[in-house]
Amino acid sequence: PLRYAPPHSHLTRRSRRQLERIAPLLMQAVLDSAEPEMALLNLERFMSTAVRRARGTFYALLAENREIITVLITLFSTSQFLSRIFIQHPEILDSLVSCAHAKRYKDRRAMDEDLAGLMAEADGYEDKLDILRRFRNEEFLRIALGDTHGHMPQGELTSQLSFLAEACLKQAVAIARDELIPRFGLPFRRQSDEEAGFAIVGMGKLGGIELNYHSDLDIIFIYEGEGETRPVPGTEPDRFKPQTNSEYFSRLAQRIISVLTLMTREGSVYQIDTRLRPSGNQGPLVTSLAAYERYHESNAALWERQALTKARVVFGPDRLVRRIEDLNHRFVYEKPAPEGFREEICRLRARMETEIAKESANQFNIKTGRGGMVDVEFIVQYLQILHGRDYPAIRVTNTLDALAALRKEKLLSQTEFKKLESGYKFLRRLENRLRLVHDQSINELSGDRNYLMKLARRLGYGERPQRPDEVFLEEYRMVTEKIRGIFEQLLGSGATASE
């Protein structure tokens, strides 16, 4: 650390003393980290940036809050993505000086209000885009610091990441809507003064309130009410160009996606995936509620019915939200399970394992591989569709909540429930750590010994007396074999639909 400090003439005597006091602590934390070389490189960059911007105040902050040293070095040795955010914005250290001082948990309302307050002070479109990205990055840091330092339970981590995504989605809608008003006005129902409704349905992990780091947002856009746009008072009439509601909502959806995915100096917010909409990429980007209903009544495949077990409306007026949720429950739960239901789920699962996971003796896929997370999710979805008409309590989108509901209704034994719950938590924790380490969405796990050693230390296996990589790999194999055993018991060739 002394090497990375500016010349001593730039430091006060007090700052120099503070630096000399914290230097051994910093270096020991680096040596104790999972990947010392990565930690040291990020520390060098951070100190250089922090000193240049904040002079000696950085040293004082660390000297007075020594617990943050461990938190910082853990972060610097775990995630290049989060380290880069910290290095670019060292001023964040003031508000995140320690996990004990930082606000550990924010509910959905607090997240919405914090972002809305920042947006209210924005100066124009470009400023709004940057504020949205900075907020997302700073919240990621707050959440990740609690996660990597062991202060955030797994369910709390995924709900925090999901609430953050919802807050950003809502503001993206507001930004996009404001941008369209001068030229296209607002959409109204035909022969009515009521504005047409617009909703966003969260699918997959967003719908289940179980987002990971680097998760894409799987969403479906739905509108209700045919008609045409009308100019808004106060806008320039010469610029107004009327649109059908279908045309308007298509523009709105495209602009929402642009707001979230556009790369600026602050990065992007989220990547958006709309392929789960009716007819996939062949269908319109935005679906009318009537068309959505017709499609799922007559054309939807079994896998699309499965996907709707995770559907949750994350934005929209209350009336439209209720209508969509009622339709989804009717499509998924009120119709009897189709003939050959179990066999079709097993066929789809086998294809995913063969064509996507492509596992080998030294390469694993914790999501789609044997005994991976998809095994647990398919078990849950199979039981939900099979029994959801008779047991309304199991109609929940979160996988762990659904497992608990299935156990409460005695549709899973206590042994099955415990193995699936603990196994799913283990794999989700592993997935989140992999995504932090690799700075991208990733589910592959290499069997290389050096790689596993570093990963095992990041997961807390370094304190074990045996080799951390061997202990971790043994536990991984044990977990996935237990999950696969239950999958085969409930859905395999020996199972029957009555089970």
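**Cavity lining, burial and salt bridges**

Mentor: Helix α16 gives the largest share of the lining of the second largest cavity, four residues; helices here are DSSP runs of H or I with at least four residues, and strands are runs of E with at least two, numbered from the N terminus. This is a predicted model, in which local features need pLDDT of at least 70, side-chain atom pairs count only at pLDDT 80 or more, and totals for chains, interfaces and linings use all residues. Residues are numbered from 1 along each chain as its sequence is written, and side-chain values use heavy atoms, with hydrogens and water left out.

Trainee: Why is K106 called buried?

Mentor: Buried means under 20% relative accessible area, exposed over 50%, and partly exposed in between (1.4 Å probe, protein chains only). K106 has 9% relative accessibility, so K106 counts as buried. D114, at 31%, is therefore partly exposed.

Trainee: Which parts does the salt bridge between E224 and R323 tie together?

Mentor: The closest N and O atoms of E224 and R323 are 2.4 Å apart. E224 lies in strand β3 and R323 in helix α14, so the pair ties together parts that are 99 residues apart in sequence. E224 is buried, at 7%, whereas R323 is partly exposed, at 36%.

Notes:
A salt bridge is a side-chain nitrogen of Lys or Arg within 4 Å of a carboxyl oxygen of Asp or Glu.
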